[in-house]
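Me: I would like to learn how to read the features of a model like this one. Please take them one by one, with the general idea before the case.

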Amino acid sequence: MNVNLTHVVLPGIGPVCAECFSRGHIGALSLSPGEVYSFGVTEPQAQLDWDVDSARALITARPRTAQRLDPGWLKRWLTERSCFTPEHLDHIPADKLAEPGILVEIMAGPPSHEPQPFRILIDGTHRAASRVSNGHHFWAHLLTEDEQRSICTYTLEGQAVELPWVAGHGISDRQAGILVSSVTESDVA
């Protein structure tokens with residue numbers, strides 16, 4: 001059975017959008033839940049959980065250029081790999097629609113195959129779906145290998161373990177578009 005929860009009924013408030021509720025966007029309530037993006041793998045049974053609030057803090061601490069996501073990849077991601085609530089798309093504030101998402105890249109593949117780069121949109125699925133449905137491009141900040149590993153909990157067959165590492169792969173500062181200050185020590189002295 002596949003169930004989509006579209007609203008929650010709150011005493012004294014009535015029905016509210018489940019997505020708005022999960023993000024603490026109910027005006028009558030003061031909620032501030034932490035946001036985590038989870039991605040499950042079936043073989044072997046595993047789950048990756050990224051702390052989205054920590055990802056946002058990393059991007060603030062190390063500004064970078066947002067990258068335009070390939071429209072073909074994004075459409076496949078939204079239809080094949082994402083679960084979003086279409087009813088929530090109209091609730092996204094207009095000033096938030098252009099806010100870039102957050103993207104990570106891991107090495108993954110079926111057992112007995114060579115791992116390949118696999119990108120995951122850990123923040124911005126609803127904004128992306130809204131923009132795509134209106135014929136607009138969507139942009140995302142890419143985290144470096146070290147950044148995404150620092151905010152990811154990897155659970156393999158029910159046990160939290162270290163995220164596997166594939167030598168020679170991973171997103172560098174340059175690939176993530178991190179903006180490097182042009183001020184050097186000699187400029188300060």
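Me: In which strand is Glu 105 found?

Reply: Strands (E, at least two residues) and helices (H or I, at least four) are DSSP runs, numbered from the N terminus. Glu 105 is found in strand β6. This is a predicted model, in which local features need pLDDT of at least 70 and side-chain atom pairs count only at pLDDT 80 or more, while totals for chains, interfaces and linings use all residues. Residues are numbered from 1 along each chain as its sequence is written, and side-chain values use heavy atoms, with hydrogens and water left out.

Me: Is Glu 105 buried or exposed?

Reply: Buried means under 20% relative accessible area, exposed over 50%, and partly exposed in between (1.4 Å probe, protein chains only). Glu 105 has a relative accessible area of 14%, so it is buried.

Me: Which residues does Glu 105 touch, and which side chain does a polar contact join to that of Glu 105?

Reply: Contact means heavy atoms within 4.5 Å. Leaving aside residues up to four places away in sequence, Glu 105 touches Pro 117, Phe 118, Arg 119, Glu 145, Gln 148 and Ile 171. A polar contact is a pair of N or O atoms within 3.5 Å; within protein, one must be able to donate a hydrogen and the other to accept it, and residues adjacent in sequence count only if both atoms are side-chain atoms. Such a contact, of 2.8 Å, joins the side chains of Glu 105 and Arg 119.

Me: In what order do the strands of the open sheet come?

Reply: Strands of a sheet pair through backbone hydrogen bonds, either parallel or antiparallel. Here two strands pair if DSSP finds at least two bridges between them. The open sheet has four strands in the order β5-β8-β6-β7, with mixed pairing. β5 (67-68) and β7 (116-123) stand at the edges with a single partner strand each, so one side of each has no neighbour in the sheet. Strand β6 (residues 101-108) runs antiparallel to β7, and seven bridges join them. Within this pairing, Val 104 has Ile 120 in β7 as its bridge partner.

Me: How many aromatic pairs does a search of the whole structure find?

Reply: A pair of aromatic rings is described by the distance of the centres and the angle of the planes. Rings of Phe, Tyr and Trp (its six-membered ring) pair if their centres lie within 6.5 Å; planes under 30 degrees apart count as stacked, over 60 as edge-to-face and the rest as tilted. The search finds five pairs. For Tyr 37 and Trp 50, the centres are 6.5 Å apart and the planes at 35°, so the pair is tilted. Both Tyr 37 and Trp 50 are buried. Phe 39 and Trp 77 form a stacked pair, 6.1 Å centre to centre with 20° between the planes. Phe 39 lies in strand β3 and Trp 77 in helix α3 (residues 71-81), so this pair ties together parts 38 residues apart in sequence. Ring pairs link Phe 39, Trp 73, Trp 77 and Phe 118 into a cluster.

Me: What does the count of salt bridges come to?

Reply: A salt bridge is a side-chain nitrogen of Lys or Arg within 4 Å of a carboxyl oxygen of Asp or Glu. The count comes to eleven. One of them joins Glu 147 and Arg 62, with the closest N and O atoms 3.4 Å apart. Glu 147 is in helix α5 (residues 145-150) and Arg 62 in the loop between α2 and β5, 85 residues apart.
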